[in-house]
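Trainee: Could you take a close look with me at the place where the ligand sits? I would like to understand it one step at a time.

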Amino acid sequence: MSLKIKKWISGLPDYTPGRSIEEIKNKYGLKNVYKLASNENLYGLPEGLAEKICEEIQNIYYYPDAGCSQIREKLGKVHGIPVEKIIIGSGSDQIIEMICDSFIGPGGNAVIADPTFPIYEKSTLKCGGSTTKVPLADFRHDIKGLLAAVDAHTRIMFLTNPHNPAGTNITGEEFKYVLDKLPEDILLVMDEAYYEYVMPDERIDTAEYIAGRDNLMVLRTFSKIFCLAGLRIGYGMGSTEAIRALNKVRLPFNVSSIAQKAALYSLEYQDFAVKTRESIHKQKQIYYNVLEKNGIGFIRSYANFILIKVGSDSSQVTEELLKEGFIIRPGENLGFPGYIRVTVSTDEVSAKFLEVFIRIYKNCNK
Ligand SMILES: *Cc1c(COP(=O)(O)O)cnc(C)c1O
């Protein structure tokens with residue numbers, strides 16, 4: 001007899017984790033393996049941060065601060081918004097879940113781009129809701145198409161800026177247009193996991209809109225430029241009403257004490273963030289030059305990854321790269337067959353990658 005699992009849960013696809021560095025080292029007998037698949041900051045922790053985080057270890061016999069008050073206060077100062085409008089999650093992934101838990105029930109709908117970051121759909125379906133998918137237009141959000149997809153069942157629109165996996169941006173004008181046209185009882189989620197990678201003159205200061213717009217929620221994370229992916233901490237900024245709802249579904253100790261402290265300390269390393277951004281920016285230009293010189297297609301990226309066109313099937317290129325110690329994401333899994341997505345990391349790794357990749361690309365496209 002089968003168990004009475006909710007039918008919309010049974011219908012979800014099984015989770016398949018990515019390849020790990022250890023697995024690839026063992027399989028191909030490699031000494032060095034580079035994971036360029038999840039857009040972490042491969043420069044590693046800024047000097048001194050690890051030591052500060054380690055000090056916190058002696059306090060772990062206590063539960064963490066359930067209100068995450070120190071980090072919320074700090075973020076409130078940084079962004080100039082009151083602490084009641086800020087929520088902390090075990091990664092911004094968890095905030096996406098809390099948003100869906102609070103806004104989506106059976107019959108509820110979320111409007112999303114196609115392809116997009118998979119957690120929006122997963123979290124929506126988990127709550128018994130459905131998604132309406134609007135194809136990207138020339139690798140960018142189709143703003144008018146997304147707005148046209150909103151109907152009486154829509155509860156949330158998820159936008160990602162920069163977009164993952166395409167790396168493209170949403171302009172200030174497009175953002176204002178959505179805010180203007182979207183009904184005020186529908187939540188607009190701006191997922192800005194790569195915000196810090198956008199050059200300052202190309203950013204939209206979405207936090208500035210939080211005070212005036214009750215249906216806007218902005219998500220940021222410490223996983224990407226701030227190097228804390230393994231600790232799981234991200235944050236959301238929204239209206240007092242929305243944040244209050246999210247707090248009702250949030251588990252009291254959802255963020256570990258070490259993650260809270262690490263995030264707090266990491267904000268002191270703004271120079272490191274600036275240096276990382278500038279280095280990634282420079283390397284992207286090197287990528288573009290090398291790819292162009294070799295006649296290889298790519299999408300210009302506002303984030304720390306690049307979508308590269310590899311031909312009809314990316315699995316062969318992906319497999320060949322694995323053998324040489326590079327774990328990347330094949331586009332087949334991302335909704336972009338024929339492409340791969342590569343994290344831009346350190347100068348050294350980028351140079352190695354480009355050399356190996358060009359060789360493999362040429363072999364695969366003879
Ligand atoms: C990486 C990423 C996130 C954040 O993940 P967390 O580690 O859970 O904070 C959110 N959205 C997008 C689009 C991402 O790429």
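Which atom of Ser 92 lies 2.7 Å from an oxygen atom of the ligand?

Mentor: Happy to! Please keep in mind that this model is predicted. The atom you ask about belongs to the backbone: a backbone N or O atom of Ser 92 lies 2.7 Å from an oxygen atom of the ligand. Now compare that with two contacts made through side chains. Asp 191 places a polar side-chain atom 2.6 Å from a nitrogen atom of the ligand. Arg 232 also uses a polar side-chain atom, and this one lies 2.7 Å from an oxygen atom of the ligand. On its own, the ligand has 390 Å² of accessible area, and the protein covers 94% of that.

The loop between β3 (109-114) and α6 (119-126) holds Pro 115. The peptide bond that joins Asp 114 to Pro 115 is cis, with omega at about 0 degrees. Another cis peptide bond links Asn 161 and Pro 162, and here omega is about -5 degrees. You will find Pro 162 in the loop between β5 (154-160) and α8 (172-181). A further loop, between β4 (130-135) and α7 (143-148), contains Asp 138. Although Asp 138 is not a glycine, its phi is positive, at about 55 degrees. Why point these spots out? Because most peptide bonds are trans, and most residues other than glycine have a negative phi.

Finally, here are two helix pairs to trace. Helix α4 (residues 69-79) packs with helix α11 (residues 257-266) at an angle of about 25 degrees, their axes being 9 Å apart. The angle is under 35 degrees, so α4 and α11 are roughly parallel to each other. The way α4 passes α11 is a left-handed crossing. In the other pair, helix α13 (residues 314-323) and helix α14 (residues 347-364) have axes 10 Å apart and pack at an angle of about 135 degrees. That angle makes α13 oblique to α14. Their crossing, α13 with α14, is right-handed.

Methods: Residues are numbered from 1 along each chain as its sequence is written. This is a predicted model: local features need pLDDT of at least 70, side-chain atom pairs count only at pLDDT 80 or more; totals for chains, interfaces and linings use all residues. Side-chain values use heavy atoms; hydrogens and water are left out. A polar contact is a pair of N or O atoms within 3.5 Å; within protein, one must be able to donate a hydrogen and the other to accept it, and residues adjacent in sequence count only if both atoms are side-chain atoms. Accessible areas come from the Shrake-Rupley method with a 1.4 Å probe; for residues, only the protein chains shown count as cover. Axes are lines fitted to C-alpha atoms, for helices over the stretch in contact, and angles run from 0 to 180 degrees between N-to-C directions. Helices (H or I, at least four residues) and strands (E, at least two) are DSSP runs, numbered from the N terminus. Angles under 35 degrees count as roughly parallel, over 145 as roughly antiparallel, 65 to 115 as roughly perpendicular and the rest as oblique. A crossing is left-handed if the near helix is turned anticlockwise from the far one by less than a right angle, and right-handed if clockwise.
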